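Open the model in your viewer and keep the sequence panel at hand.

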Amino acid sequence: SSGINAEWPLRPGIDYMHICMRQLSGKKVVWIGDVNIDQNNINSSQYKKLDMTLKSYNLVQTVQGITRMAKVGNKFTQTTIDVVFTNCYSEFVNCSVLDEKIGDHQAIKCEISYKVPKAPKKKKVPTATLR
């Protein structure tokens, strides 16, 4: 059994998230990307499915702002489809949407406070003197 409820129709991206998150169980995760699900449209079925998935893995969305502005016909849209999901939110110092663009998306900057463990001290090995 895959462990995925077959009655719950998932987008391929969410299926992939389930597979990855099962393999990363117990590890700190930062999931970055364009999910093409507007985080501002909380009444859409796609958003609700993604939200349930995030909650099931204790992930939170750290991006708070519009990440894509586009013109569709005569209408301008503003969406938050670029994400930084994490289960180690307390280590995030800041996550912000920048004015700079990458293609038709806004750039995102995240600052994380993460302590890198010090490498063990190397033992000094006596050197032989050549005569």
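Start by selecting Thr 67, which sits in the loop between strand S2 (60–61) and strand S3 (68–72). Strands here are DSSP runs of E with at least two residues, helices are runs of H or I with at least four, and both are numbered from the N terminus. A word on the model itself: it is predicted, so local features need pLDDT of at least 70 and side-chain atom pairs count only at pLDDT 80 or more, while totals for chains, interfaces and linings use all residues. Residues are numbered from 1 along each chain as its sequence is written, and side-chain values use heavy atoms, with hydrogens and water left out.

Is Thr 67 buried or exposed? With a relative accessible area of 0%, Thr 67 is buried (buried means under 20%, exposed over 50% and partly exposed in between, using a 1.4 Å probe and protein chains only). Now show its neighbours: leaving aside residues up to four places away in sequence, Thr 67 touches Thr 79, Thr 80, Ile 81, Asp 82, Val 97, Asp 104, His 105, Gln 106 and Ile 108; a contact means heavy atoms within 4.5 Å. Among these neighbours, pick Asp 82: its side chain makes a polar contact with the side chain of Thr 67 at 2.8 Å. Such a contact is a pair of N or O atoms within 3.5 Å; within protein, one must be able to donate a hydrogen and the other to accept it, and residues adjacent in sequence count only if both atoms are side-chain atoms.

Pockets are found on a 1 Å grid over the protein atoms alone, as open sets of points where a 1.4 Å probe fits, with protein on both sides within 12 Å along at least five of seven lines; lining residues have an atom within 4 Å of a point.

Next, go to the largest pocket, with a volume of about 210 Å³. Its lining includes Gln 39, Tyr 47, Leu 54, Val 60, Gly 65 and Thr 80. Which element gives the most to this lining? It is H2, with three residues.

Now follow the chain to two asparagines. Asn 36, in the loop between strand S1 (30–34) and H2, has a positive phi near 55° though it is a residue other than glycine. Asn 36 is partly exposed at 48% relative accessible area. Asn 58, in the loop between H2 and S2, also has a positive phi, about 55°, and counts as exposed at 61%.

Phe 92 is buried at 11%.

Finally, zoom out: the protein has two helices and seven strands.

Key
Grid points are joined across faces, edges and corners, and a volume is the space filled by probe spheres set on the points.
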